[in-house]
Amino acid sequence: MEGVMHFMELSGFANVTWGHLIMIMVGLIFIYLAITKDYEPLLLVPIGFGILIGNIPFLENMGMQIGIYEDGSVMNMLYYGVLKGLYPPLIFLGIGAMTDFSTLLSNPRLMVLGAAAQIGIFLTFLTALALGFTLNQAAAIGIIGGADGPTAIFLSSRLAPELIGAIAIAAYSYMALVPVIQPPIIKLLTSKEERQIKMKPPRAVSKTEKMIFPIVGLLLTTFISPGALPLLGMLFFGNLLKESGVTKRLADTASKQLIDIVTILLGVTVGASTQATTFLTPQSILIFGLGAVSFMVATAGGVLFAKFMNLFLKGDDKLNPMIGAAGVSAVPDSARVVHQLGQKEDKSNYLLMHAMAPNVSGVIGSAVAAGILLSYLMKVGW
């Protein structure tokens with residue numbers, strides 16, 4: 001009888017709390033959105049299932065090595081790649097091997113839209129400071145506005161590892177919810193006439209330009225922001241593998257098997273890190289709210305800056321201001337959302353290639369911003 005009682009004491013039914021049930025519900029919603037709405041299923045399914053794994057109740061601190069926060073557990077070992085920032089550079093390697101920077105090279109002025117969208121990072125940084133977060137914590141929270149999960153994890157692992165679970169969940173959630181969050185903001189800030197603007201086709205980019213770009217890009221961006229070297233180094237390395245034409249096997253591995261494996265590990269462990277007894281705090285909820293504000297401000301910043309550029313452009317040089325929203329680095333979802341909105345206004349208007357330029361610029365821009373914040377805060381010693 002004593003054995004039965006002990007068994008019952010260790011069961012999930014004896015240890016469940018409202019927090020566990022809430023987080024399990026959140027995990028189910030993520031999986032539902034991924035399967036039925038097709039919202040970033042490659043991210044939301046691993047994260048959603050990870051939330052379920054992380055919130056199966058058990059009696060903690062019994063030495064069973066089950067939970068993600070228990071030393072020696074399998075989940076804790078896998079989570080090491082998040083805590084130490086190992087996964088993000090590998091994700092960037094895969095992104096680099098998948099990304100075609102032709103549209104950016106054909107129209108370099110669109111790069112400024114990627115920079116403009118990073119305004120959400122710095123405004124949220126200041127807001128988080130005003131709300132009482134430390135400098136390091138505020139910087140890690142602000143980077144959510146870049147809508148770049150790997151960059152958010154990388155920076156928070158360096159500056160505020162105690163917040164990494166909340167920041168990672170917020171960043172990936174907003175990346176997945178791009179089709180929900182961005183359209184209303186874009187429509188609010190643009191007129192129907194602006195949304196119907198057709199941009200002239202981008203020029204053809206030579207093979208030589210594509211091969212030189214990752215080398216020049218690496219040197220230029222990392223000389224400006226050395227703190228971003230782990231991310232940008234792998235991004236441009238992956239792109240050179242793709243564009244060189246002589247390392248197809250390596251490019252294929254980086255862009256397929258490797259990034260898939262790392263995405264699975266990253267998604268499941270980030271989801272499991274939301275263990276209710278550790279994650280569900282007022283501070284986490286506040287970070288989630290700040291992340292939403294950051295992402296919305298970033299979207300608005302890109303759109304408004306595109307409208308500002310149009311004040312100085314004439315004729316067919318004018319930009320469709322919607323492409324400014326793609327300045328956040330949710331690749332390629334933001335560009336796809338802009339294209340779909342353009343198609344709703346005019347079936348003959350193809351904006352995808354134009355939107356990809358600020359979109360890939362956003363990836364670089366958010367990494368540079370993270371590097372600047374990292375260098376600055378480590379320099380001043382906070």
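**Cores, pockets and buried helices in a predicted model**

Ala298 lies in helix H19, residues 282–310. The model is predicted.

Trainee: Is Ala298 buried or exposed?
Mentor: Take the cut-off first: buried means under 20% relative accessible area. Ala298 has 0% relative accessibility, so the residue counts as buried.

Trainee: Which residues does Ala298 touch, not counting residues up to four places away in sequence?
Mentor: Ala298 belongs to H19. Leaving out residues up to four places away in sequence, its contacts are Ala117, Gly120, Gly145 and Val328.

Trainee: How far apart in space are Ala298 and Gln182, C-alpha to C-alpha?
Mentor: In sequence, 116 residues separate the two. In space, C-alpha to C-alpha, the distance is 10.0 Å.

Trainee: Which residues of the largest nonpolar core touch the most other members?
Mentor: This core has 106 residues. Helix H21, residues 352–380, gives the most to it, with 13 residues. The residues that touch the most other members are Ile141 and Val338.

Trainee: What does Val338 touch, not counting residues up to four places away in sequence?
Mentor: Val338 is a member of the largest nonpolar core. With residues up to four places away in sequence set aside, Val338 touches Ile186, Met322, Ile323, Ala325, Ala326, Leu351 and Ala355.

Trainee: Which helix gives the most to the lining of the largest pocket?
Mentor: The pocket has a volume of about 1,100 Å³. Of its 41 lining residues, the closest to the centre are Glu40, Val331, Pro332, Asp333 and Arg336. Helices that each supply at least two lining residues include H4 (41–54), H6 (87–98), H17 (248–272) and H20 (333–345). The one that gives the most, with 7 residues, is H17.

Trainee: Which residues lie closest to the centre of the second largest pocket?
Mentor: This pocket holds about 430 Å³ of space. Its lining has 22 residues. Closest to its centre are Met111, Phe213, Leu220, Thr221 and Ile364.

Trainee: Which helix gives the most to the lining of the second largest pocket?
Mentor: By class, this lining has 15 nonpolar, 6 polar and 1 charged residues. H7 (102–106), H8 (111–116), H15 (207–224) and H21 each supply at least two residues. The most, 7 residues, come from H15.

Trainee: What is the distance between the end C-alpha atoms of H12?
Mentor: H12 has 13 residues, and 13 of them are buried. At 1.5 Å a residue, the helix should span 18 Å. The computed distance between its end C-alpha atoms agrees: 18 Å.

Trainee: How many residues of H11 are buried?
Mentor: H11 runs over residues 149–159, which makes 11 residues, and is mostly covered. Its buried residues include Gly149, Pro150, Phe154 and Leu159.

Trainee: Where is Asn55, and what is it in contact with beyond its neighbours within four places in sequence?
Mentor: Asn55 sits in the loop between H4 and H5 (74–83). At 0% relative accessibility, Asn55 counts as buried. Leaving aside neighbours within four places in sequence, its contacts are His20, Met23, Ile24, Thr274, Gln275 and Ala276.

Key:
Residues are numbered from 1 along each chain as its sequence is written. This is a predicted model: local features need pLDDT of at least 70, side-chain atom pairs count only at pLDDT 80 or more; totals for chains, interfaces and linings use all residues. Side-chain values use heavy atoms; hydrogens and water are left out. A nonpolar core is a set of buried Ala, Val, Leu, Ile, Met, Phe, Trp, Tyr and Cys residues joined through side-chain atoms within 4.5 Å. Buried means under 20% relative accessible area, exposed over 50%, partly exposed in between (1.4 Å probe, protein chains only). Contact means heavy atoms within 4.5 Å. On a 1 Å grid over the protein atoms alone, a cavity is a set of points where a 1.4 Å probe fits but cannot get out, and a pocket is an open set with protein on both sides within 12 Å along at least five of seven lines; lining residues have an atom within 4 Å of a point. Grid points are joined across faces, edges and corners, and a volume is the space filled by probe spheres set on the points. Ala, Val, Leu, Ile, Met, Phe, Trp, Tyr, Cys and Pro count as nonpolar, Asp, Glu, Lys and Arg as charged, and the others, Gly among them, as polar. The expected span of a helix is 1.5 Å times one less than its number of residues.
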